[in-house]
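Let's take a friendly walk through this protein, with an eye on its inner spaces, its surface and its charged pairs. Have the model open as you read.

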Amino acid sequence: MLPFLIFLAGLVCVVGAILLFRMPAFLALLLGAVLVALITPDALVVQYGLAQGMSDAEAARLAATGVGARIAAGFGRTTGSIGIVIALAAVIGVGMLRSGAAGRIVRSLLTLFGEKRAPEALLGGGFLLAIPVFFDTVFFLMIPLARSLYRQTGRNYLLYVLAIVAGGVMAHSLVPPTPGPLFIADAFGVDLSLMIVGGGMVGLLCAAAGFAYARHADALRPFTPTDLETDTAPLETRMPSLGLALLPIALPLVLITAGAIHEAPWLAFLADKNIALLAGALVALGLLARFDSWNDAMAAVKPALLSAGGIILITGAGGALGQLFQQTNISAAIAEHTPTSQQWLLPVAFLLTMLIRTAQGSATVAMITAAGVFGGMAGDGSLAFHPLYLALAIGCGSKPIWWMNDSGFWVVAQMGGLPEREALRTLTPISVVMGFVGLAITMLGAWLLPLD
């Protein structure tokens, strides 16, 4: 029971620091890591080390290592693995937004589907753009389209808004290179191309379920916006061709996937996640430089990199906390108390992530914390299925319950013109629907195609 009590103490510390003392997530996660390290007995750390294949002497040295050094090691491992990718994803996002590439993708989808299928176009556009661009920015980009469509049709405004939400929030938690799924793929040793494919498939099915709910909600209680005069500016008029607009996203995905299929040395170099994302970032900058001077393009990138720096700090601190959680040997405790890993581990991981998300609001923090608890199980061969499914269960668990303690909730409510009551009545249920549908799909996949 001791590992669970230590975990509970760390969780209360992190959530309490965020909710009660309004600490930034970085400091709250770091404080939680310190507490966990201080109250973990050396005997548990030694047990963890032996379970990882260390010798008696190596496990004893780990237990004797200072708290600060162990936290720094976890922080360094995490940032060294995914820090560059997060920064490059931010560059791709700002390049696509300012060059008009993101606008071109959305407009092309609307043209392809037509006005009658505009909700489906918004769903697809939200999902696609949320892969390289943070969800809040995706919604800022696409909400003027929803309002414009409402002016043309006079109906289905809530459906338009929820279609964007259904697409964007699922890609945010399931498809790299967004930080959450990128982190759990690394923590569980899941190949990045496999995480992209698996997360994309589960995410699309979850988005479809969310879209079905959106249609039901719109038909049951249609919502009429009252603040259309506050619309933001329309999308950029300077737009590259669709092929060029897709290239910053498609190129890294193709390189990473090709590297997983073929093992040629030159392809292995290009397929490395850092190199592949760098190629995508250079293409995005090239698109931006077609319209802006190089100096203006570089000036636009600097704020994106500063923002990415904050995400990297949070992710690194979460990695440190996760490493300290693992050193309590909690993975072995979970395995011991889980009757059948095939049947129960996935919902346990899902529900724990959901609890953390509901308590403190951030999907990324919830995923990072849960990955720290279950990460040790991914590499010890105890799973009856591929670690991908555990990563997907955690990603889906980071969706419910979406409510007022999440900044993204307020972005959608304010930009979408939804009163608080309407937002709670629509945004919170759609997060529950998509999350639990994702869990069901993940469990079915682990049963039918374990891939172990």
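What follows covers cavities, a surface patch and salt bridges, in that order.

**Cavities**

Please keep in mind that this is a predicted model. A search of the whole structure turns up three cavities of 30 Å³ or more. The largest cavity has a volume of about 100 Å³, and 13 residues line it. Pro177, Ile249, Pro252, Leu253 and Leu277 are the closest of these to its centre. Which helix gives the most to this lining? That is H12, with five residues. Helix H11 (192-220) and helix H12 (242-261) each supply at least two lining residues.

By class, the second largest cavity is lined by eight nonpolar, one polar and no charged residues.

**A nonpolar surface patch**

On the surface, Leu19, Leu20, Phe21, Met23, Leu27 and Leu31 form a nonpolar patch, with about 580 Å² of accessible area together. Phe21 sits in the loop between helix H1 (2-19) and helix H2 (25-39). Is Phe21 buried or exposed? Its relative accessibility is 62%, so Phe21 counts as exposed.

**Salt bridges**

Side chains of opposite charge can pair when their charged atoms come close. The whole structure has four salt bridges, and the table gives some of them.

| Salt bridge | N to O distance |
|---|---|
| Asp186 and Arg77 | 3.4 Å |
| Glu120 and Arg117 | 3.0 Å |
| Arg425 and Glu422 | 2.8 Å |

Asp186 forms a salt bridge with Arg77. Because Asp186 lies in helix H10 (residues 179-187) and Arg77 in helix H5, the pair ties together parts that are 109 residues apart in sequence. Arg77 is partly exposed, with 45% relative accessible area.

Arg425 and Glu422 are three residues apart in helix H21 (residues 420-448), so about one helical turn separates them. Arg425 is partly exposed at 29% relative accessibility, whereas Glu422 is buried at 7%.

Glu120 is buried at 16% relative accessibility, while Arg117 is partly exposed at 45%. Together with Arg215, Glu120 and Arg117 are linked in a network of salt bridges.

Notes: Residues are numbered from 1 along each chain as its sequence is written. This is a predicted model: local features need pLDDT of at least 70, side-chain atom pairs count only at pLDDT 80 or more; totals for chains, interfaces and linings use all residues. Side-chain values use heavy atoms; hydrogens and water are left out. On a 1 Å grid over the protein atoms alone, a cavity is a set of points where a 1.4 Å probe fits but cannot get out, and a pocket is an open set with protein on both sides within 12 Å along at least five of seven lines; lining residues have an atom within 4 Å of a point. Grid points are joined across faces, edges and corners, and a volume is the space filled by probe spheres set on the points. Helices (H or I, at least four residues) and strands (E, at least two) are DSSP runs, numbered from the N terminus. Ala, Val, Leu, Ile, Met, Phe, Trp, Tyr, Cys and Pro count as nonpolar, Asp, Glu, Lys and Arg as charged, and the others, Gly among them, as polar. Patches are made of residues with over 30% relative accessible area and no salt bridge: like charges are joined within 9 Å, nonpolar side chains (Val, Leu, Ile, Met, Phe, Trp, Tyr) within 5 Å. Accessible areas come from the Shrake-Rupley method with a 1.4 Å probe; for residues, only the protein chains shown count as cover. A salt bridge is a side-chain nitrogen of Lys or Arg within 4 Å of a carboxyl oxygen of Asp or Glu. Buried means under 20% relative accessible area, exposed over 50%, partly exposed in between (1.4 Å probe, protein chains only).
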